[in-house]
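Below are some notes for a colleague who is about to work from this model.

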Amino acid sequence: MDQAVSVNADPDMPSDSEGRSSRWRNWTGFWLLGLCNNFAYVVMLSAAHDILKQQGSHNSTTPTPSTVALDVEGGKRSRYDCSPVSTAAVLLADILPTLMIKFSAPFFIHNLPYGTVYLLGVIFASVSAGLGELSFLSLTVFFSRDVLGGWGSGTGGAGVAGALLYSGLTQAGLSPRNTLLIMLVIPVAMVFSYFFLLVFPPSFPQWKCREVESVRGRDSQSRQPLLNDTDEEEEREKGAEGVFIMSGLLRFVVPLGVVYFAEYFINQGLLELLYFQNFYLSHAEQYRWYQTLYQVGVLVSRSSLCCVKFRRIWALSLLQCVNAVLLLLSVYYQFLPSAWLVFVIVLYEGLLGGAAYVNTFYFISKEVNRQREFAMVAASVGDSLGIAISGLIAFPVHRYFCSL
């Protein structure tokens, strides 16, 4: 990637006439967009244990008193309090539509105006997290780079708000079903933040196709769509440039994918097996609070961009893999003395994951000069791919432990 020219340039820094109020409105708008976009996804993962119990015809979230459970197929008793299906099933149902969108959309999403993409993202709930992340990440290139901090902090806030509200309301006695119904008000906040908070630059193609904007000469080099309706030779050049950009993004995408593979293997593959019988919280409650503390760590680290920036994403991926190995061994040998220690590890795990996410996209926006929109969209595949792979691996791991 060409980093020699204006590598540190901030795209579309607002003029003095726009003032600080516009920047704060944009930062707040992206914070709310991040929160609303990830809210349902996080709530589904926090509710995974309850969803599977409901599927198994259990009407309450209270676990059986015994520390052992029947292996459904073999009729054997396991030393783990296992549900018949791993919570990775909920993870895969949550992430696969997002992954399919992220793999395909970078090659056609530039042909849709942002307003249309946004409304589609609100309408189709299952796909909205992936479609929303694609459109909002690419949207950041039209604003000053500090809105990435708002987006990152908002997505972290979604984790805490979703997990904490779900854990708190269910523990207070509200049924999981009614708790999820209450949270249907979130799309209203997304509508407000997009249409009433953001201050768009005059050249922003909100309701017009990019081709029209390109003809009018409004597209800068960093925003120019990857594929235009031009002659075949130019399209081939654009395609080659896209491949070159993708190859340059691997140094960001691969470490980000490893981080998310390790942490979601922990969250949806191991944490449901780390049940401490003599703890004052039930199995379902322990699982919910594992998820909540993980999201607290994510919020803190995703909100840290204004204070500290960390370029070595590979180091974060290595540390996250150490966490995964440690907790995998702890599940097998059961050497951890209390859930309190797991709480600390899970909080630390969230700090690593959030830092990897927000720093990855910050440095992509900083170091990619051409096709910045495409780069932001394409790089977002990394975390979703890592999550999907972790969900697939979590199934045999769950089956193995529940057969012991």
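How do the residues of the lining of the largest cavity divide into nonpolar, polar and charged?

1. The model is a predicted one. In it, the lining of the largest cavity is made up of 11 nonpolar, six polar and four charged residues.

2. That cavity has a volume of about 250 Å³. The count of cavities of 30 Å³ or more comes to five.

3. In total, 21 residues line the largest cavity. Those that lie nearest its centre are N38, Y41, Y264, R302 and D383.

4. Two or more residues each come from α1 (19-46), α3 (88-104), α5 (125-139), α6 (147-171), α10 (232-270), α11 (283-302) and α15 (381-402). The largest share, four residues, is from α11.

5. On confidence, the chain has an average pLDDT of 76, and 71% of the residues score at least 70. Helix α12 (residues 313-333) has the highest mean, at 96, whereas strand β1 (residues 69-70) has the lowest, at 44.

6. Two stretches call for a separate remark.

7. Where pLDDT is low, the predicted coordinates should not be read in detail.

Definitions and conventions:
Residues are numbered from 1 along each chain as its sequence is written. This is a predicted model: local features need pLDDT of at least 70, side-chain atom pairs count only at pLDDT 80 or more; totals for chains, interfaces and linings use all residues. Side-chain values use heavy atoms; hydrogens and water are left out. pLDDT is the predictor's confidence in each residue, from 0 to 100. On a 1 Å grid over the protein atoms alone, a cavity is a set of points where a 1.4 Å probe fits but cannot get out, and a pocket is an open set with protein on both sides within 12 Å along at least five of seven lines; lining residues have an atom within 4 Å of a point. Grid points are joined across faces, edges and corners, and a volume is the space filled by probe spheres set on the points. Ala, Val, Leu, Ile, Met, Phe, Trp, Tyr, Cys and Pro count as nonpolar, Asp, Glu, Lys and Arg as charged, and the others, Gly among them, as polar.
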